[in-house]
Amino acid sequence: MNGEWKDMDVDGTGRCTMPFRVYDGSAQGKNAPVVLYFGGGAFLDRERNDESPVARAFAESGAVVVEADYGQPSENVFPKALECAFAALRCLSGKRKQYGGRRSPLLVAGEEAGGNLAAGVALKARDQMPNEIDGQILLSPLIDPLMATASFREAEESGMRERWTEGWNHYLGSGGGFCHPYAAPGHCSRLSGVAPALILTSEDDPLRDEAAAYAARLVAAGVKVTSRVLPACRGWTQIYEARARCGCVPPGELRTEFEHFIEGLDSRASCFKRHDRSD
């Protein structure tokens, strides 16, 4: 099952399926964390052929990572993409023992556009599945359609502004998503009660300002947050830029921050034991 795409029956009837693949490492325990992961792609990529280096890094840290390919069934538009992502979470919550154990912590994670979905799913889970998820991991989340931050202006140099503009226009379309908190979490006015968050970005990341602003608003709402701006490092932007993913290696800090975040979670996370890293 490791690395192979299969179909997930997300509604229990067989009529609604979503491609998914599982990343297994070598150190999972009986109650290893189960992470539902959403990849990036600026809401434009529909096919995910290459293995995600981020998902692989989480798996190597002892988690069971389930990557859901939300783009194919949803066409990357709101609200369908959010509904597909949430259906995958509900399905995985019901099958937690199949991938980890009864006491496995369940988390949602995503990078760039996938970070938007992870944040939106965490908000919806608070409203419709209270206390069912233990944490959310947002890497360079694309959560503010205004694209007006100082760091975002650096996207002009990276060539990503045009792609992100196109992606937002495609995702929001005519569905009125611009004002919906699940579509644009950066503008959500009610953040209390959402799952604890790990938010990672870096000094050379054009999305760092909106990520930092979201982290600060979560903290103000009483949410437990770990927010890190990692040093500028080779390859960080490749983590979320689909056109440059080939050969991308996530920085070592990614695994370290993930492991520390899992260790710090309350409730089920006490069953997770960080394994020694060999690199």
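Buried means under 20% relative accessible area. The model shown in these close-up views is predicted.

**View 1. Arg96 and Glu132 form a salt bridge.** The closest N and O atoms of this pair are 3.7 Å apart. Arg96 belongs to helix α4 (residues 96–99), while Glu132 sits in the loop between α5 (113–128) and β6 (135–139), so their contact ties together parts that are 36 residues apart in sequence. Arg96 has a relative accessibility of 6% and therefore counts as buried. Glu132, at 28% relative accessibility, counts as partly exposed.

**View 2. Asp134 and Arg96 meet in a salt bridge through their side chains.** The N to O distance is 3.9 Å. Asp134 is in the loop between α5 and β6 and Arg96 in helix α4, so this pair ties together parts that are 38 residues apart in sequence. Asp134 and Arg96 are both buried.

**View 3. The side chains of Arg126 and Asp127 are joined by a salt bridge.** The N to O distance here is 2.9 Å. Arg126 has a relative accessible area of 14% and is buried. Asp127, with a relative accessible area of 33%, is partly exposed.

**View 4. Arg96, Glu132 and Asp134 belong to one network.** In the model, the count of salt bridges comes to 7.

Key: Residues are numbered from 1 along each chain as its sequence is written. This is a predicted model: local features need pLDDT of at least 70, side-chain atom pairs count only at pLDDT 80 or more; totals for chains, interfaces and linings use all residues. Side-chain values use heavy atoms; hydrogens and water are left out. A salt bridge is a side-chain nitrogen of Lys or Arg within 4 Å of a carboxyl oxygen of Asp or Glu. Helices (H or I, at least four residues) and strands (E, at least two) are DSSP runs, numbered from the N terminus. Buried means under 20% relative accessible area, exposed over 50%, partly exposed in between (1.4 Å probe, protein chains only).
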